[in-house]
Amino acid sequence: MTPTTIKEVFIETINIPLDAPFTIATGVKYEMENVLIIVRLENGLEGYGEAAPLEPVNGENQATALATLNSCRDFLVGKDVADFRQISKHLKSVYGVQVTARSAIEMALIDAFTKSLNTPLYTFLGKAENKIETDYTIDIVSPETARKNAAKLAGKGYNTLKTKVGKNLVEDIDRLLAIKDGAPNCYLMLDANQGYSPADAVHFLGELKKNNIRPELFEQPVRKDDLRGMKFVKDHTSVPIAADESVFTATDAIKVVQAGCADLINIKLMKSGIVEALDIAAIARSANMELMIGCMIESRLGLGCAVHLAAGLGGFRFVDLDPHLEPAQDPFTGGPEFSEPVYSLSDEIPGIGVAKK
């Protein structure tokens, strides 16, 4: 037994209504329904991890994540958090499809370990940057609502706005025009969440071009398993194509590289976990592909961990880590400081730096 051995494990749900329904091409979310895991070490320090399942994307929900985490409790007690890679490998072999639960465990282990080292997580990962700037996502809403939201966000200082598309091509174009009208100086990013056919995706980009709109990127335009279709889109546009749902694992990343179907890969901790995310980033860099970091519907804890990873590794051209909760709603405090639209990291706070209220 060492000071970094896990003594106790605590698990609880996080249920918080969202201010407004969050609509994407594959579903609607009305509430944050996540799970928290806390590991307490022999040295008294605690590590926090968050599972943020989004069923239309990863096939998980709060109940499955909760069941997986509870079934891991006895396995974790007595383990040394310094062995987080070995623990991660074992959990992946047993709970391969329960990635958000595994991600929460990895988050808690690495948070506790870096606290024991008295080191911020981003420093542990390389300390490439200490500030990163995020975009903000406008989901599938009416053009008038999109226009108002875009103007409001531009007024807050956001330079890049992302919007969800893929549900109705005509309505998508109307919403893009409204966003451009509301925030004419903002860069635009698109996320179809697998909503288009390859032909419709190319047609959609052509219609935007007629209206003098060229997005900074087009994320997951087609079904995640249709790499040939994604390559068709990539071959018929100069807009960078991002693989999101197509990449959950390092093996997926290799397949995308081999298919030549994307210009960049969107890493999300709730798709891959932290350990696998490091492998995916290495694969993308080795193939001269650019990187993006995104999120599901996390609290300050999950977002903070993603900020640490992006800043620690550096080189993420696109950052999509906009908060989903107002500070008063969030069950946590601390973490990276957020002054819209920039996250700043401190050298003085070890781990992720987040604590329960």
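**Reading the contact between two domains**

Mentor: In this predicted model, the area buried between domain 1 and domain 2 is about 3500 Å², and carbon and sulfur atoms give 68% of that area.

Trainee: Which parts of the chain do domain 1 and domain 2 cover?

Mentor: The domain assignment places domain 1 at 5–118 and domain 2 at 123–356. Their C-alpha centres lie 22 Å apart. To the contact, domain 1 brings 41 residues and domain 2 brings 43 residues.

Trainee: How many salt bridges and how many residue pairs in polar contact are counted between domain 1 and domain 2?

Mentor: There are two salt bridges between the domains. The count of residue pairs in polar contact, with both residues at pLDDT 80 or more, is ten.

Trainee: Which side chain does Lys356 meet in a salt bridge?

Mentor: The partner of Lys356 is Glu12, with a distance of 3.0 Å from N to O.

Trainee: Let us turn to single residues. Is Leu325 buried or exposed?

Mentor: A residue counts as buried when its relative accessible area is under 20%. Leu325 has 10% relative accessibility, and therefore it counts as buried. Leu325 is found in the loop between strand 12 (316–319) and strand 13 (332–334).

Trainee: Which residues does Leu325 touch, leaving aside those up to four places away in sequence?

Mentor: Leu325 touches Ile16, Leu18, Met32, Ser299, Asp330 and Pro331. Sequence separation and spatial separation should be read side by side. Leu325 and Pro17 are 308 residues apart along the chain, yet their C-alpha atoms are separated by 9.1 Å.

Trainee: Where is Thr13, and what is its relative accessible area?

Mentor: Thr13 is in strand 1. Its relative accessible area is 36%, so Thr13 is partly exposed; that class lies between the 20% and 50% limits.

Trainee: What does Thr13 touch, beyond residues up to four places away in sequence?

Mentor: Thr13 touches Asn34, Val35, Gln62 and Leu66.

Trainee: How far apart in space are Thr13 and Ala282?

Mentor: From C-alpha to C-alpha, Thr13 and Ala282 are 33 Å apart, with a sequence separation of 269 residues.

Terms used. Residues numbered from 1 in each chain as written. Predicted model: local features only at pLDDT ≥ 70, side-chain atom pairs only at ≥ 80, totals over all residues. Heavy atoms only, no water. Domains from an automatic or database assignment. Contact = heavy atoms within 4.5 Å. Buried area = accessible area lost by both parts, 1.4 Å probe. Salt bridge = Lys/Arg side-chain N within 4 Å of Asp/Glu carboxyl O. Polar contact = N/O pair within 3.5 Å; in protein donor to acceptor, adjacent residues only side chain to side chain. Helix = DSSP H or I, 4+ residues; strand = E, 2+ residues; numbered from the N terminus. Buried < 20%, exposed > 50% of the residue type's maximum accessible area, 1.4 Å probe, protein only.
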